[in-house]
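Trainee: I would like a close look at a single part of this model, taken residue by residue. Please keep to what can be computed from the atoms.

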Amino acid sequence: MLNKVPEITIWFWIIKILCTTVGESFADWINMTLGVGLVNTSLIFTVVPVVVLGVQLRLRRYVPAAYWLTVVVVSITGTLYTDILTDSRGVPLVVSTTVFSAVLAVVFGVWFMRERTLSIHSITSTPREAFYWLAVLVTFAPGTAAGDWTLDLTGWGPGMSVLLPTALIAITVVGWRLGGQPVLAFWLAYILTRPLGANIGDWLATPARSRARVWGPR
């Protein structure tokens, strides 16, 4: 089948960040505004990704609407799993960050041993696409945990917290432009766009009169 991942351009990253922002805000809306609750919201977004991924995996080529809908749904699911561990189970963020990072390393290890490549330019078979979406799902979990952990350590508000992932993404891009490993740079940026998009969503959800204050400590 044709490659199932879009060309990696600046528009890819802009849409990825916006998808993360939408996913974070939508999950919060269902959980808190509608009063569904964190656990029930997580159950909903355990079933929904199965359906959406089923459609995506059956396609033989890249279809923008199906691909980006899958990104949004998977981002919500990965984020909710981290929130359950932190808010409902009381797992420290440093522990969840470490565990999810280890799980992600295992996913990449198995993927590479089976396919001999982690390049997103080679998603041309169902097994490779399955590994790709599993990796995408897991990246949202350590991205969420690491982002929240950083906020706890720094005490920054939603506005100020946008700056850290932005700076780290800029460093990753510079490293890539200077000859860094492109696959590593892609996945690092993919992880970092999660806290960036989520922090933008949190900042936009802040009342307009309070936004001027969220650039300082919480």
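Does Lys16 count as buried or exposed, and at what relative accessibility? Please describe the surroundings of Lys16 as well.

Mentor: The model is predicted, and everything below should be read as a description of that model. Lys16 has a relative accessibility of 0%. Buried means under 20% relative accessible area, so Lys16 counts as buried. Lys16 lies in helix H1, which covers residues 10-33.

Setting aside neighbours within four places in sequence, the residues in contact with Lys16 are Trp68, Val71, Phe140, Tyr190, Thr193 and Arg194. Tyr190 deserves attention in this list. The charged end of Lys16 is placed over the Tyr190 ring, at 4.3 Å from the ring centre.

The ring of Tyr190 also takes part in an aromatic pair. By the rule used for ring pairs, the model holds 19 aromatic pairs. In one of them, Phe12 is paired with Tyr190 in a tilted arrangement, with 6.5 Å from centre to centre and 50° between the planes. Phe12 belongs to helix H1 and Tyr190 to helix H8 (residues 182-205), so that pair links distant parts of the chain, 178 residues apart. Both Phe12 and Tyr190 are buried.

Trp68 pairs with Tyr67 in an edge-to-face arrangement, the centres being 4.9 Å apart and the planes at 90°. The relative accessible area of Trp68 is 11%, under the 20% limit, so Trp68 is buried. Tyr67 is likewise buried, because its relative accessible area is 0%.

For contrast, take Val173 in helix H7 (residues 163-177). Val173 has a relative accessible area of 40% and is therefore partly exposed, since that class lies between 20% and 50%.

Helix H2 (residues 38-58) and helix H5 (residues 126-154) have axes that come within 11 Å and cross at roughly 145°. The crossing of H2 past H5 is right-handed. On the H2 side the contact is made by Leu53, Gln56 and Leu57, and on the H5 side by Glu129, Ala130 and Trp133. Sorted by class, this contact has four nonpolar residues, one polar and one charged.

Notes
Residues numbered from 1 in each chain as written. Predicted model: local features only at pLDDT ≥ 70, side-chain atom pairs only at ≥ 80, totals over all residues. Heavy atoms only, no water. Axes fitted to C-alpha atoms, helices over the stretch in contact; angles between N-to-C directions. Helix = DSSP H or I, 4+ residues; strand = E, 2+ residues; numbered from the N terminus. Left-handed = near helix turned anticlockwise from the far one by under 90°. Contact = heavy atoms within 4.5 Å. Nonpolar A, V, L, I, M, F, W, Y, C, P; charged D, E, K, R; others polar. Phe/Tyr/Trp six-rings, centres within 6.5 Å; stacked < 30°, edge-to-face > 60°. Buried < 20%, exposed > 50% of the residue type's maximum accessible area, 1.4 Å probe, protein only. Lys NZ or Arg CZ within 6 Å of the ring centre and 35° of its normal.
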